[in-house]
Amino acid sequence: MKKRMSGFLAVLLCAAVLLSLFPGCSRQAPEKVEYLIGVSQANMRESWRLALIRELKEEAAKHPGVRLIFTDATQNSDKQISDIRRLLACGVDLLIVSPCDVKKITPVVSGVYKSIPVIVMDRVVEGYDYSLFIGPDNRSIGKQAGESVLRMLGGKSGGVLEICGSASSQMSGERSEGFQSSLNQNPNISIRKISIENESRDSTEDHLLQHKSQLDGIRVIFAHNDYMALGACRAIEKLGLKNIRIIGVDGFTGENDGIGLVQKGMIDETITCPTGGREAIQFSLDILQNVAGVPKQEILHSHKVTKENVDAFVENLNKPQTAPPKTIRVGYAQVGTESAWRLANTESIQSAAKEFGIQLFYENADQSPKRQIEAIRKFIAMKVDAIVLSPVIDSGWDEVLREAKQANIPVILSDREITVQDDDMYLTFIGADFVEEGRRAMRWIAENAVPANKNATIRIMELQGTVGASPSVERSLGFREILQEYPNDKIVYTRSGDFTYDGGKQIVEEYLKTHKWDIDVVYAHNDDMALGAAEALEKNGIAPGKDVKIVSIDGTKNALNAIVSGKMNCVVECNPLLGPQLMKAITDLMSGKELPLRIITDEKVFTKENTQETIKSRKY
Ligand code: AHR
């Protein structure tokens, strides 16, 4: 009895301590808390983070029953780890974390994710052990700044001063990479780079006043945030320098924030860096209420705001959402019918269009980029409301997409990405992270394949998809990124099977004509090629799945059945069911809502341990 009493007292004491640490750590009065959400912030001093907290609070206030508890890691990873532990002890239902240091926080997030959902914000942790990542694309922000520099210099030569944040900041490193990449081919531009450790307005101003010579010959300044841009603006004014253009980043609307500075003509441009706070709360509720279709990553859009478009930008921010038009007409340029994945993808898009009441015009390009270009021109002539493009290959789209832009028709990329000179050519991308798929395939091989030869070398045959298609390029890249960590594993034969069953089969048959079978693993960029290869192996007396490991990507029912029957070993999922997310995005767009830059789908890895339960419900 005494023991039980002291246990009870300990629990009470613990609860009292937690309550004193976190006043919000209670589900009771004044109103019942249905969802307790812990928010672990890297710090609460940077203005961007304060804006994020504001947005999280504003959105949470719209949902009675949601309570937020905040912790401030003061930019110290050890503190962040103990903050997260305290939040867990408090019984939070979901954790929102914005990591100080990605490397140190990754294992902690993986651990938490085993018991509750985790939304990672701003900086993505390594691997896929989290529910959702929401954040900006810092490389693209830097790239956009570089494009603005080129425009401001108008083809003339000039010096550019890049004012970065803390030298150890991942965000600043990524912005700088993007910035330099868009300028480094221009020999007339010389970039001077400085770092302001605490990223503040006053330190930037003081620094430039103390190091005036760093402004010699400078015609444009790119500061990695609007506060440093304002500091630079003040220093220039005090030094009496003229004709230096300034670009900042963040684009908040307060008086001394980027938008206000552009309106007052103090800086020339700000590139918006949304916080994603509103989305984080909305997705938290979707996750906690098991709503289907939550993506794995939502990468937010950044916009250039200049004195020419600032008024329209502000007006747009305050514009209420409208009802979408009665009939939305969408042109859909699909790759072809090369694989079971593709058929499921088409079916998903067509049936979701029906569900959403969208009129869909479908064109099957039969793997021909030329036919896709013709299809897009046809849609432009039809004056559709939006075009969905699933591009066969990743290049060659500039001209036709410029035509779509001139006709004011938004283009959404589905499934595959493209390389274009100007990223403004399309609005958003919805699909998978092909690089990560390749990495996952190789990680499985590294952990599971056993070499048959004495030299302990794993000999890999790679069956690539269509040449020049983004899944082929990126699945190769991701695979090789991990492969290089295993010097004993080697790709000894690579051929393209064009993502088809026959293609996979032929590669193995060709190989066997000139070689004795000496391959440990077949890595196929899709299931159809893997299944074709398996058939060819069996015909030649080699047992797929046993004599040779078979790893592929997609997750079709046939491939999952092959895992169960032991003919394949691992399938990295690539989700073809993009229809509902695509149609929701189109409807949102037509209602005046801003779409993210990229929506990346959630995917699993299947092996004999976890496949059976999925087969029953798998429709493709
Ligand atoms: O673009 C996605 C790829 O295209 C799928 O993995 C493959 O099966 C398809 O043909």
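Predicted model: local features only at pLDDT ≥ 70, side-chain atom pairs only at ≥ 80, totals over all residues.
R416 places a polar side-chain atom 2.8 Å from a ligand oxygen, and in D415 a side-chain N or O atom is 2.9 Å from an oxygen atom of the ligand. As for cover, the ligand has 280 Å² of accessible area on its own, and the protein covers 100% of it.

Now step back and look at where that puts the ligand: it sits in the largest cavity. Around it you'll find E338, S339, W341, R342, D415, R416, F434, P471, R475, F499, N526 and D554. Sort that shell by residue type and you get 6 charged, 4 nonpolar and 2 polar residues.

Which elements give two or more residues to the shell? They are helix 12 (340-355) and helix 16 (470-483).

Finally, zoom out to the domains. Domain 3, made up of 323-431 + 577-584, gives residues to the shell, and domain 4 (434-574) does too, so the ligand lies between them.

Technical notes
Residues numbered from 1 in each chain as written. Heavy atoms only, no water. Near = heavy atom within 4 Å. Polar contact = N/O pair within 3.5 Å; in protein donor to acceptor, adjacent residues only side chain to side chain. Areas by Shrake-Rupley, 256 points an atom, 1.4 Å probe, with all protein chains shown as cover. 1 Å grid on protein atoms, 1.4 Å probe; cavity = no way out; pocket = protein on both sides within 12 Å on 5 of 7 lines; lining within 4 Å. Sits in = over half its atoms within 2 Å of the grid points. Helix = DSSP H or I, 4+ residues; strand = E, 2+ residues; numbered from the N terminus. Nonpolar A, V, L, I, M, F, W, Y, C, P; charged D, E, K, R; others polar. Domains from an automatic or database assignment.
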